Amino acid sequence: MTLTNIDHTNYTIKFNYIVEKLLVLTKNYETKLINNYLCVLNNLDYRYLTDLNNDGVQLLIKQLCNIVTFAETTLIQSFCRFLINIIQNNINFQEQIFIHCKQWFIEVFKFALSITHNDILLALKSFLMNKQFNDIDYLKLLIEDDQLLKKYLNSSDAQWNETHYYAINCLEGILMSDNSVFITKELIYTIKNITLNIVSSLYINDNKYYHTKILCSCLHILQMITVNEVLPHSIDFMGEILGVVQAFLFYGLKDYSPLKPQLLRPAVMNLPERIHVIPKCKNLKNHKAKLRKQPTKKVVTEVKNNIVLESKGINIYSSDSDTSDTENSNSIIMDSKIRLETVRLLQVLIENSPSREIFGFWPQIIATGSRNDARVLTRSILKESVSKVKQHMLSTLTELLIDVKPFLIHAEEVDQMSFITFFGTVCLMIKELHFTLSLILNSETNVAVLTHGLKCAAALIQGTPYARLKTGLATKLMRNCRPYIFYKDPTVRVAALSAFEAIASCDPVTAEIFEILGKQLTINRDQLCLNTSIDKAERNIEEENNEEIDIEDLKNNLTNEYNNKLFKQTNICFLIHVCLENISNKTMSTPVRLQSLKLIGRMAFSTESLVFSQIELITITLIEVIQDSETQVILHACRALEIMAGCLMNIDLENNNALIFWNIIFDPIISLFQHPQTIIREAACDCLGNINSIVFAQLQRKQAILIITVLFGTVHDEESAVRAAGLRALGMLVTLPALREETGFLMDLADIVCLTADDKNLGVRIKGAWALANLCNCLSKEKDYEDIEPISLEILLPKIYQISIKASKDNDKVKCNAVRALGSILYLCSNKHILKDTSPGLETLISCATVGNDMKVRWNACRALGLVLSNNPDSILPSSWRDQVFPALCNLICNSPNFKVRTNAAWALYSCNSYGKYIIILWKSLILAFENSQYVPSYIEYPHRDALIQQLCLTLSHVAAYTEVSDLQNLWAEISEYINDVSSYIKQFQEIIVPEKMGDIIKAKSQLEKYMKNAILLEERKIAQSLASIFERTKRFDNLDDIIFQNNV
């Protein structure tokens, strides 16, 4: 049977047949026929090969390793190509076959002619990438032996060529291995050093094509090393990588000569610690504020995907010289590839390194703020001519800005000084970034670059403290962002609106920012064209898809949009006008409408006067949008309404904006409770939860009942998100004064909360516990109002008491509110018999205060204990309550790692009026607490230290006021040596305390002075005098006016 008689469509049969023939031929050493058959195998399309004779293939490889010697040049090339195809077809090698292959590679590479080395290196790369390969010693041999890879990896006077390129590809293969876990830190370190030596030794007069290919491969290798967790990102490592970035960021650009990579050192900066900022509004969390670091595996995969594997594809073993002449001759494209890989290297370094350390290199690699010729990213963005590279640069800069926002916000611009401070340096960098982005937005025409430029501008705005800088910076940047609000491409429009959302998010909103946001619009064709910078579009902008913009159509479209009668008002600000037009135009792109809704919500929160001066117009437009068919549009409209409702919660009685607002939205919001989409019903609950107390009091009785009824109905919804939102809204309604007298509502709410206590969904239980805590807090306040109809606590308290104890053993987020409720319940209980046994409640509070990692649970439990101790605890708690409570609280005020827990524990002690035998222990603990307050366990506790010391002073004064004469001698023996220290704290406290809080200090002093006169023993009177001196008011500032007067004379 001859080859010509084989059915060529059946690749598997043909492959297995040839393998059988080769097995016979290898026994007879017929090298010419073997080579011919191997060529046939290599020409097969391996994508269609299935169900191969695996055992036959393994045996063939073993026999070929034995008969293909270093002298068989042609056969070596054919065998290497065959190995590449087999490895890529995912055939699992037997261990013995792997050993034979490894030995064969070493032998032929050392002794075969150099003409075979390209094929050997390609096959070796595929071999090294195989998931079965795990021989670290073999890798070391390849890299360290002068006759193997090392001879093509060392710099020499010879020009770099194709073989050098394939040798470097083998280093890539090592790092890209599917079984790279076995690679050691030492090996990666060696590969890194080799790669850095190569990029430092390349000469521009080398073969241009391979010069570029080698550089790209080296940059790929550095990318993979950077994302690898084995090698730590030390300052030296980061300096080496950034040195490479600086050298090749301007590669091939005019007026920038080649630069040899050098180690960069970070600038010495006393960087402040990160501060966690809590969002001020539920729906205004800045989701762009901080991007999460991608998991390392994902980043590695992305880096690998960026690499064009030379060992993949049908013609994978063909020479690179087969590539098109066009690519080979296009120097601009080749140079841009290097710049692109350089930017990717910078990006992976940013993604995998601490932003604090990266910021130290900013003056050398990102922006200097002073030198125009610096090789920094801002300068390269302006010089870059290739859109794809510029797009990646802007994307990288955006991530940089997001990461270092905690440091940028400390920038400050001051008048000329003899030296530049850290804050001044940051200011100069911010100004350079504004300048760069303004130029990009003013001159760029590529849609992708414009989109990334606007996103970058938004990130820069979020990190810039405009209140600490001179005016004008924001105005110039936003002037260049404004035209893109009307851009033809919706992606650019969304990015432009995002930039305005970012400027509206600035805190505080400066006069300059308010002016930017409040810019008025004049409805006039000529002025319209002027305001929207139509002249810029007249420069025949050509989109990336070569579609030209018709300027006349653009003018007409814009004019028609603004001729809508609904919006013909001269006093409405430009941005709100644009947003209302966008959201009311159902033919507009959905992302544009959504971003417009987000911008209205942000402006309602940040610049209330701009939005609420047009509240009727804006509210009517948002309500019309609710009738839309797009779920996301309805959702964002509801969120905008919710934000507006939240801003109107604390508005004046004289201001009728809230009443106008709720009269418009009431019926449409109620109707949304029947919407089929879960997220819309949830948003409707959130809106109702933000109703103003004044408005609620002015509602008709049937409207108020309707709100309560629909919210009670949501608690039985099939979707947990709706149930949770309904409970949250009810928890907010219970705080309204108008519902304080509604006994029926309070009782029904208690029943509803008890019903949801066993809900399977954690979110529902969290909101239920929060609503219960608010209800109990309301009942506690109601206790002080005699004119309100009392609730039957004998029935209510036992039920919610058991629910609270159970919830206090749930998740921490449930527990933190359950302890609040439990404290209020015990406070409301006038007699321990109502709850039958108060011991479980007290034990639960003590346990939550002293055990656990959630500090919010612990300080809420301390607060709850203080509430219980403030209301005659002897009649409520078991007789041993002092033995349980005081030791626990004393330990907390001295040793808790959280200062807010210490402060609330001290407040709990302060709330009690009966200390019994624990007076001396309390004195000792409070003195120790003063001393321990000097040792701050974490920098985040610094802001709470002053509050702790003030509360300790108040608590000590309170305890001193309840100290008995009989305690004085024993007390003095314990604390006499600490009197001066404590006295200094109290005296400092008296200098800052408001007169309203002086009562306890005065009472303590008065009580001790009384003992000075009435104590029977002389020693007791002396002790009382010494203790009273602690609470003496300082004389330091009492005669300040007299001293100033005397000095002036």
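The model is predicted; local features need pLDDT of at least 70, side-chain atom pairs count only at pLDDT 80 or more, and totals for chains, interfaces and linings use all residues. Residues are numbered from 1 along each chain as its sequence is written, and side-chain values use heavy atoms, with hydrogens and water left out.

The protein chain has 53 helices and 0 strands. Helices (H or I, at least four residues) and strands (E, at least two) are DSSP runs, numbered from the N terminus. Of the 1049 residues in the protein chain, 55% are buried. Buried means under 20% relative accessible area, exposed over 50%, and partly exposed in between (1.4 Å probe, protein chains only). Among contacts in the protein chain with a separation of 6 or more, 75% join residues 24 or more positions apart. A contact means heavy atoms within 4.5 Å.

Helix α1 covers residues 11-28. Its 18 residues reach 26 Å from the first C-alpha to the last, close to the 26 Å expected at 1.5 Å a residue. The expected span is 1.5 Å times one less than the number of residues. Buried positions in α1 are T12, K14, F15, N16, Y17, I18, V19, L22, L23, L25 and T26. These buried residues pack against α2 (31-42), α3 (54-67) and α4 (73-88). Y29 follows α1 and has a positive phi, near 60 degrees.

Helix α29 (residues 574-584) is mostly covered, with 10 of its 11 residues buried. The buried set consists of F574, L575, I576, H577, V578, C579, L580, E581, N582 and I583.

Two helix pairs were examined. The axes of α38 (residues 720-733) and α39 (residues 743-756) come within 12 Å and cross at roughly 150 degrees. Axes are lines fitted to C-alpha atoms, for helices over the stretch in contact, and angles run from 0 to 180 degrees between N-to-C directions. α38 and α39 are therefore roughly antiparallel to each other. Angles under 35 degrees count as roughly parallel, over 145 as roughly antiparallel, 65 to 115 as roughly perpendicular and the rest as oblique. The crossing of α38 and α39 is left-handed. A crossing is left-handed if the near helix is turned anticlockwise from the far one by less than a right angle, and right-handed if clockwise. In this contact, α38 supplies L727, L730 and L733, while α39 supplies F745, L749, I752 and T756. By class, 6 residues are nonpolar, 1 is polar and none is charged. Ala, Val, Leu, Ile, Met, Phe, Trp, Tyr, Cys and Pro count as nonpolar, Asp, Glu, Lys and Arg as charged, and the others, Gly among them, as polar.

The axes of α45 (residues 881-895) and α46 (residues 899-911) come within 8 Å and cross at roughly 140 degrees. This crossing is left-handed. From α45, F886, L889, L892, I893, C894 and N895 meet V901, R902, A905, A906, A908 and L909 of α46. The contact has 10 nonpolar residues, 1 polar and 1 charged.

Two single residues complete the account. L345 lies in helix α15 (residues 331-351). L345 is buried, with a relative accessible area of 0%. Its C-alpha is separated by 7.6 Å from that of H220, 125 residues apart along the chain. Residues up to four places away in sequence aside, L345 touches L219, L222, Q223, T226, I241, V244 and V245. T844 is in helix α43 (residues 839-850). T844 counts as buried, at 9% relative accessibility. With residues up to four places away in sequence not counted, T844 touches I805, S808 and L822.
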